[in-house]
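These are my notebook entries on the structure shown below.

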Amino acid sequence: MEFKLEAHRIVSISLGKIYNSRVQRGGIKLHKNLLVSLVLRSARQVYLSDPCPSLYLAGPAGSRGAAGVGGGPAGGPAPGSSPLKKPRRNSEEQPGGAAAAEEEMETGNVANLISIFGSSFSGLLRKSPGGGREEAEGEESGPEAAEPGQICCDKPVLRDINPWSTAIVAF
Amino acid sequence: MKPVGGTDIISTVEFNHTGELLATGDKGGRVVIFQREPESKNAPHSQGEYDVYSTFQSHEPEFDYLKSLEIEEKINKIKWLPQQNAAHSLLSTNDKTIKLWKITERDKRPEGYNLKDEEGKLKDLSTVTSLQVPVLKPMDLMVEVSPRRVFANGHTYHINSISVNSDCETYMSADDLRINLWHLAITDRSFNIVDIKPANMEDLTEVITASEFHPHHCNLFVYSSSKGSLRLCDMRAAALCDKHSKLFEEPEDPSNRSFFSEIISSVSDVKFSHSGRYMLTRDYLTVKVWDLNMEARPIETYQVHDYLRSKLCSLYENDCIFDKFECAWNGSDSVIMTGAYNNFFRMFDRNTKRDVTLEASRESSKPRAVLKPRRVCVGGKRRRDDISVDSLDFTKKILHTAWHPAENIIAIAATNNLYIFQDKVNSEMH
């Protein structure tokens, strides 16, 4: 169980770092983002392989893939496709973590990862559900959004999937 | 011993080939050059001290409008060119652009022009009754710095290292995914000699972290990766050196596996020994010496601060785990040095296998003070003056250090202060 908690915490922290890297001066640092995505992948694998029950209830599978999530088809990514699609494809793209076999929690893409792990992104929750990618692209929640490291164990159920989807596309 | 305060964080430190000059670059894009004062009989106590020789703004912040990205002016690396005439030259680089600077001295001024007066105004010709030959008169030393070349638009990703070839005509620059070869006189094109960018960026698994030319063989260079491997490449073998001649890699110790294994195995610096026989690498917790003739594993591994191994998660949280420490050889390749936290830096004697931890601080830097060895205690018996791991200051990190090419003089950059330590007693190398 501790492994799951630890992995959960590390995933939250990692997502915060990836998010913050976008607003950093000097552009995205490819090396650092690659390392963070490797940690993210390791932690996710540990989290999924730990036999303890999940900390969070997964929402209905259909709603998660739906609203404007970058890249994958509704319901989860195709095997082998990248979970980290960027709306703004500049030459300094972030590396994608490997999309492993789909689990029942469908953590194969970042949207779901953040849905499940990212309750600490309280700032993102306040964003209204938007339309497509273009709107999300304009979002710069800034550093006030993420407080990685906080495990909100008293929020057992995901409140609202829709704000996540649009906010995540900014990744 | 002298600390030199500055307003900006020092980002690189480099002695020139004789050790007479020491250049530092900072986060604000400035370069400060120090010159060693010649030893004088009149003031024996100030023999060989370094004073400011020149200061100039090398890089300015820029904005890439196409990508909406700001380009930092921080100087990532400075490399001196071997001196070929009275002038000194160095290369300085930020994330995107490399510049060649020429540093010249002017200590004489021509006086006695026929057509101009002392201020340079044209003389009234009717007052000129005879011709004179202008003579050179001494003047106060003036150091002039001018940009001679700007090597721009060669890199899509962030430049992490530059290295001048022993042929003194070419140099290379490396970013996260590519290495380019330039001719020092040609700025509008460069040759790409290494390209590890995958066709699909989502397949990216490693990046280039540092690179250096061999000190003697102009066809050989090495580059390190974020996976902890070193690749030695031979430019005679092919135009594109994607295929390495030698791959230096140590298998991972499975008992040390953690979420952060990949991060701590990333090589942050690689340096050839002066002899050219060995390479020194730095990763987060160790420095390793590699023999060019043995690819399977390093011949020596030194623990810099192994007590941090149990703290990797916190260091990941506060971003310290991404700190890129540099490493350095002394002139005879017998001692290696690297920085750590709490303004500590470590030296390892390869022959005696002894190591020492020293601190760069204002207290320790009074002139002619002797540096006291420090110790970090990891629980158990604690001696007086020991520092416990939990009271280490992780904001005080020594990332950049340099060793004089011939003497026991070291330059330590501690955030925005530069410390220069000289070993007076033991000036000759062992």
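**Conventions.** I worked on a predicted model, in which local features need pLDDT of at least 70, side-chain atom pairs count only at pLDDT 80 or more, and totals for chains, interfaces and linings use all residues. Residues are numbered from 1 along each chain as its sequence is written, chains are lettered from A and ligands numbered from 1 in the order in which they are written, and side-chain values use heavy atoms, with hydrogens and water left out.

**Chain B overall.** I noted that the C-alpha trace spans about 95 × 55 × 40 Å along its principal axes. Buried residues make up 51% of the 430 residues in chain B; buried means under 20% relative accessible area, exposed over 50% and partly exposed in between, with a 1.4 Å probe and protein chains only. I listed two helices and 32 strands for chain B, taken as DSSP runs numbered from the N terminus (helices H or I, at least four residues; strands E, at least two).

**Sheet S16 to S19.** I traced an open antiparallel sheet of four strands in chain B, in the order S16-S17-S18-S19. Strand S16 (208-213) and S19 each have a single partner strand, so one side of each is left without a neighbour in the sheet. The twist averages 20° from one strand to the next, with axes fitted to C-alpha atoms and angles running from 0 to 180 degrees between N-to-C directions. Five bridges join S16(B) to strand S17 (residues 220-225); strands count as paired if DSSP finds at least two bridges between them. Across this pairing, B:Phe213 stands opposite B:Phe221.

**Sheet S20 to S23.** I found a further open antiparallel sheet of four strands in chain B, ordered S20-S21-S22-S23. At its edges stand strand S20 (269-272) and strand S23 (300-303), each with a single partner strand, so one side of each has no neighbour in the sheet. Neighbouring strands are turned by 15° on average, direction ignored. S20(B) and S21 (residues 278-282) are joined by four bridges, and B:Lys271 has B:Leu280 as its bridge partner.

**Hairpin.** I recorded five antiparallel bridges between S26 (residues 344-349) and S27 (residues 355-359) of chain B. Five residues separate the two strands of this hairpin, and B:Lys353 in the turn has a positive phi of about 65°.

**Rings.** I counted 18 aromatic pairs over all chains. Rings of Phe, Tyr and Trp (its six-membered ring) pair if their centres lie within 6.5 Å; planes under 30 degrees apart count as stacked, over 60 as edge-to-face and the rest as tilted. B:Phe260 and B:Tyr316 have ring centres 5.0 Å apart and planes at 40°, so the pair is tilted. B:Phe260 lies in the loop between S19 and H1 and B:Tyr316 in H2 of chain B, so the pair ties together parts 56 residues apart in sequence. Both residues, B:Phe260 and B:Tyr316, are buried.

**Helix H2 of chain A.** I found 15 of the 20 residues of H2(A) buried, so the helix is largely enclosed by the rest of the structure.
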